[in-house]
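Here are a few exercises to work through with the model open beside you. Try each task by yourself, then compare your steps with the solution.

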Amino acid sequence: MSQPELINEGLSLMLFGMGFVFVFLTILVIATRLMSVVILRFTSDKPEPAHPPSKAHVTKDDLMVDPIVLAAINEAVRQHRAHRP
Amino acid sequence: MDKLIALWNGSGLANITLPSAIMMAVGFVLLFLAIRKNFEPLLLIPIGFGCILANIPEAGLAYSAVEQLAHSHTPAYIDQLASLLGVQFETVKQLLDVYYNAPSSVQSAANNLAADLNFSNGMLYSFYSVTIASGVAPLVIFMGVGAMTDLGPLLANPRTLFLGAAAQFGIFATVLGATGLTALGWMDFSITQAAAIGIIGGADGPTAIYVSSILAPELLGAITVAAYSYMALVPLIQPPIMRALTSEQERAIEMEQLRPVSKSEKIVFPLLLLVLVALLLPNAAPLLGMFCFGNLMRESGVVDRLSDTAQNALINIVTIFLGLAVGSKLVADKFLQVETLGILALGVVAFCIGTATGILMAKLMNLFGNNRINPLIGSAGVSAVPMAARVSNKLGLEANPHNYLLMHAMGPNVAGVIGSAVAAGVIIKYVTVTAG
C-alpha cells in the first residue's frame, strides 16, 4: 500500500469509526431513556429507595436525645461561644 | 568428558544471548513495578513472570513444537525440516520465516515431523493457543467485568454515554498517528497494525488483547504491556491534562444527585444493549455479548452462584493464564524492535487525546441542557475502570471539598467500556472489509 493511501485509510477509519461510535451510543441513549420511561410508567417496580431498610427500624426513641446529654451539649456550645473573642 | 561438555552446552549460561538477557531484565522490571509500585499487580505479576519464563534460553517454553525442532541444535533433525520446507538451511530464523509463510498443508506436515521426532509445544505456547489465539480469555474476562459492573449510574444519567463515546477519539487519532509515522518512514505499520495499536487508547485490557489477537498477533506483547502500563499510570497521566482543560469554577461544579434506578431497568438494559449490537454491529457481539451476559447474571438476581463465579473464581483463573500467555509474547525477537518504542509512544498519546476529548465533550454538553455536568467526569470516559473515576473524584474534591464525583464518574467510566468495545467492533469490521 502506498503511503498517501495509508494515511487516507487512517483518516477514513477515523471518520467512519468515530461516526459509528457516536451513532451507536446516541441510539443507545435514546433507547435507554425510552426503556426507563416505559418501565417506570407501566410496572409497579418502584426504584430502590435511596436510603433503604435502616430507616424502618429507627423508632422514635432512638431519635430522642437524652435530656442530660442535651443539656451538656447546650452548655458546651454556650461556653464555646462565650470564649470566642 | 563428552557428557560434561553436552551438559555445559545445554545450560542457560552457555546459551544466553544479549537480547534474551535484556528481555529477562524487562520481566524483572515488570515484577518490580507490580510488587513495589503496585502497578496493576494482578496482571503485571503473571505477565512479568511469563516474560522471564519465555526468555529462558534452551527451555523454549514459548515455542511451538516446530520452533523447538528448529532450535534443537541437532543437524539431522533440522535438515529434515529444511528439506520438508524445500529450502537450504541457513539460519534458524530464515527457516522459521519460511515455515510461517508456508501454506497450511506444509505447516501441518512440519508439525507431524516435529511430533514424530518427539518435540512438543512449550507450556507457555499451549497457554497462549488456548487463551489468546482462540480469543477465549479476553471474552471470559469481559463476562466477569460485566458481572462486576453496576450499570445504575449509567442508567440514571444516560447522557454520560456521550462522554464514553468522545473519549474513544483517542483510539482513532492514534490509528492516524501510526499511519502518519509510517508515511514519514519512521516506522513500518500496516493499516491492521495501526488499528491494533490505536485500541490502546481504549484503555481496556481485554479489548486491546482481543483486537490485537485478531488483527496483529505479532504486536500483542507490546500492545498489551503498553495498555496495562498506561492504565496503571492513569493517576499520573490524567490530572495535568484535566487541570489544563478546566477552570477552577468548572472543577467545583456539584452535580445533581443521581436518581435511584429500578431493578427492572437494570435487568432490561443488558438485553437492550444486546439487541442493538445484534442489529447494528455484529462484529462487537463477542465482546459486548459476553459483557451483557455477565451483567444479566448479576442483575437478574436468580443466578447468584454463576454471577459469583464469573466475577471471582473464573476471572481470576483466566487472568493467571492470560497473563502468562501475554508474557510469552515478550520474546526478544518480537519485542526488541523500534516498533515497540513507537507503540509505547503512540499509546500514551492515545490516552492523553482520549482524556482531553472526554473533558471537552463534557464542556460541550454543558452548553446545552440545564443539568450541569462537571467536566472532570469526562476524563473517566476512557475506560480504565475504576481508576479513571477515582481520579475524577479526587480532583473534584480538591476544587470543592463537598464535591463527591465518584458515582457520577462511574457512568462515563462504564460508558467507556461499552464505547471501546463498539470502537473495537467497528475497527475489526472496517479493517477486515478493506483488507479482504
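**Exercise 1. The two domains of chain B**

Find how many residues of domain 1 of chain B are in contact with domain 2 of chain B, and which elements supply them.

*Solution.*
Step 1. Count the residues on each side: 25 residues of domain 1 of chain B are in contact with 20 residues of domain 2 of chain B. Two residues are in contact if their C-beta atoms, placed from the backbone, lie within 7 Å. Domain 1 covers 2-130 and domain 2 covers 135-435; such bounds come from an automatic or database domain assignment.
Step 2. Before going on, note how to read the model. It is predicted, so local features need pLDDT of at least 70 and side-chain atom pairs count only at pLDDT 80 or more, while totals for chains, interfaces and linings use all residues. Residues are numbered from 1 along each chain as its sequence is written, and chains are lettered from A and ligands numbered from 1 in the order in which they are written.
Step 3. Look for the elements on the domain 1 side. Helix 3 (18-36), helix 4 (41-54) and helix 9 (123-133) of chain B each give two or more residues, and helix 4 of chain B has the largest share, 11 residues. Helices (H or I, at least four residues) and strands (E, at least two) are DSSP runs, numbered from the N terminus.
Step 4. Sort that side by class: 20 nonpolar, four polar and one charged. Here Ala, Val, Leu, Ile, Met, Phe, Trp, Tyr, Cys and Pro count as nonpolar, Asp, Glu, Lys and Arg as charged, and the others, Gly among them, as polar.
Step 5. Finish with the spacing: the C-alpha centres of the two domains of chain B lie 33 Å apart.

**Exercise 2. A helix pair and the core**

Work out how helix 20 of chain B and helix 25 of chain B are oriented to each other.

*Solution.*
Step 1. The axes of helix 20 (residues 285-300) and helix 25 of chain B come within 8 Å and cross at roughly 150 degrees. Axes are lines fitted to C-alpha atoms, for helices over the stretch in contact, and angles run from 0 to 180 degrees between N-to-C directions.
Step 2. Helix 20 and helix 25 of chain B are therefore roughly antiparallel; angles under 35 degrees count as roughly parallel, over 145 as roughly antiparallel, 65 to 115 as roughly perpendicular and the rest as oblique.
Step 3. Pick out the touching residues: B:L287, B:L288 and B:F291 from helix 20, and B:I418, B:A421 and B:A424 from helix 25 of chain B. By class there are six nonpolar, no polar and no charged residues.
Step 4. Now place the pair in the largest nonpolar core, which has 143 residues; B:L287 and B:A424 are among those that touch the most other members. Helix 25 of chain B gives the most to this core, with 15 residues. A nonpolar core is a set of buried Ala, Val, Leu, Ile, Met, Phe, Trp, Tyr and Cys residues joined through C-beta atoms within 7 Å. A residue is buried if 20 or more other C-beta atoms lie within 10 Å of its own, exposed if 12 or fewer, and partly exposed in between, with C-beta atoms placed from the backbone.

**Exercise 3. Where chain B touches chain A**

Describe the contact of the two chains.

*Solution.*
Step 1. Chain B brings 40 residues and chain A brings 33 residues.
Step 2. On chain B, helix 12 (161-166), helix 13 (169-183), helix 14 (191-198), helix 19 (263-280) and helix 25 (406-435) each supply at least two residues.
Step 3. The chain B side divides into 28 nonpolar, nine polar and three charged.
Step 4. Turn to chain A: four helices and zero strands, with 15% of its 85 residues buried.

**Exercise 4. Backbone details in the loops**

Which loops of chain B hold B:N38, B:N118 and B:P386?

*Solution.*
Step 1. B:N38 lies between helix 3 and helix 4 of chain B. Its phi is near 60 degrees, a positive value in a residue other than glycine.
Step 2. B:N118 sits between helix 8 (104-116) and helix 9 of chain B, with a positive phi of about 65 degrees.
Step 3. B:P386 is between helix 23 (338-367) and helix 24 of chain B. The peptide bond from B:V385 to B:P386 is cis, with omega near -10 degrees.
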